[in-house]
Amino acid sequence: VRGVVTDPDGNHLSGAEIYVKSGGFPPVAIREKYVRSDGEGQFVLKGLSLEPVKLHVRHAGFALAIIETTPTDAAKAAELTVKLGAGARVEGHVRSKDGTPVAGERINLFQGFDFFAAKTAFTDESGGFAFTAVGEGTYQCSTGRFEANAQGQQENVVVPSSGVVTVDFTKEGDKEGGGTITGTVTVA
C-alpha cells in the first residue's frame with residue numbers, strides 16, 4: 001500500500017505513523033507492518049498479504065484515522081490519500097460535592113480494551129481538563145488510577161468527528177485514600 005498523508009487543508013504531513021494491528025488482546029501494531037510518512041507525507045507499507053486490511057494512521061496533532069484498503073502488487077499500487085482531521089475535543093471539570101474545583105485529579109480517556117492507546121490528563125486549578133484530536137467513536141472517561149478495579153468514576157462518551165463533548169465529574173470523597181507519596185527519581 002502506498003500513499004500520502006495530509007492535514008485537513010491538503011498539506012502533506014511528515015512523521016505520520018501508518019501501521020496494521022494484529023494478534024493478542026487487545027491487538028497491537030505489528031513492527032514489520034509499520035512505517036512513517038516522509039518529508040513529503042509519502043509512505044509505502046510493504047509485506048502485506050493481498051487481502052483487505054485496516055491501516056491505522058496517526059499524527060500527534062490530528063485524530064486517528066482507520067482506513068480499510070486492499071493491498072496490491074507494488075507495480076499496480078495506486079496512491080492512497082489519507083486526509084487526517086482535527087477531531088473532537090473532550091473537556092470537563094471535576095468538582096467536589098460542594099462545588100469546589102478538584103485540582104490534580106487524573107482523568108483517563110480510552111476505547112474498549114485498547115489500554116495501550118489510553119490518553120491521560122490531570123485537572124488544572126479550576127478542576128478543568130481537556131483532550132484534543134480525539135477521533136470519532138465511543139470512549140470511556142474515568143477518574144483516578146487507570147488500572148483494573150480502580151475506584152474512580154467512569155462515564156461512557158460518544159465522540160463525533162468534530163466539536164466539543166463535555167464530561168463533568170463530582171468527586172464523592174477520596175476513594176483513593178488520603179496519603180501522599182513523595183520522593184526523588186535518580187538514574188544509576
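Predicted model: local features only at pLDDT ≥ 70, side-chain atom pairs only at ≥ 80, totals over all residues.
**The chain overall**
- The protein chain has 15 strands and zero helices.
- Of its 188 residues, 35% are buried.
- Among contacts with a separation of 6 or more, 57% are between residues 24 or more positions apart.
- The chain's accessible surface is about 11400 Å², and carbon and sulfur atoms hold 50% of that surface.

**Strand β11 and its partner**
- β11 pairs with strand β8 (residues 88-96).
- The two strands run in the antiparallel sense, with five bridges between them.
- One place to look is A88, whose bridge partner in β11 is V134.

- You will find E17 in strand β2, which covers residues 17-22.
- E17 has a relative accessible area of 14%, and because buried means under 20%, E17 counts as buried.
- The side chain of E17 makes a polar contact of 2.5 Å with the side chain of Y34.
- A polar contact of 2.7 Å links the side chains of E17 and R58.
- Setting aside neighbours within four places in sequence, E17 is in contact with Y34, V35 and R36, and also with H56, V57 and R58.

Conventions
Residues numbered from 1 in each chain as written. Heavy atoms only, no water. Pairing = 2+ DSSP bridges. Helix = DSSP H or I, 4+ residues; strand = E, 2+ residues; numbered from the N terminus. Buried < 20%, exposed > 50% of the residue type's maximum accessible area, 1.4 Å probe, protein only. Polar contact = N/O pair within 3.5 Å; in protein donor to acceptor, adjacent residues only side chain to side chain. Contact = heavy atoms within 4.5 Å. Areas by Shrake-Rupley, 256 points an atom, 1.4 Å probe, with all protein chains shown as cover.
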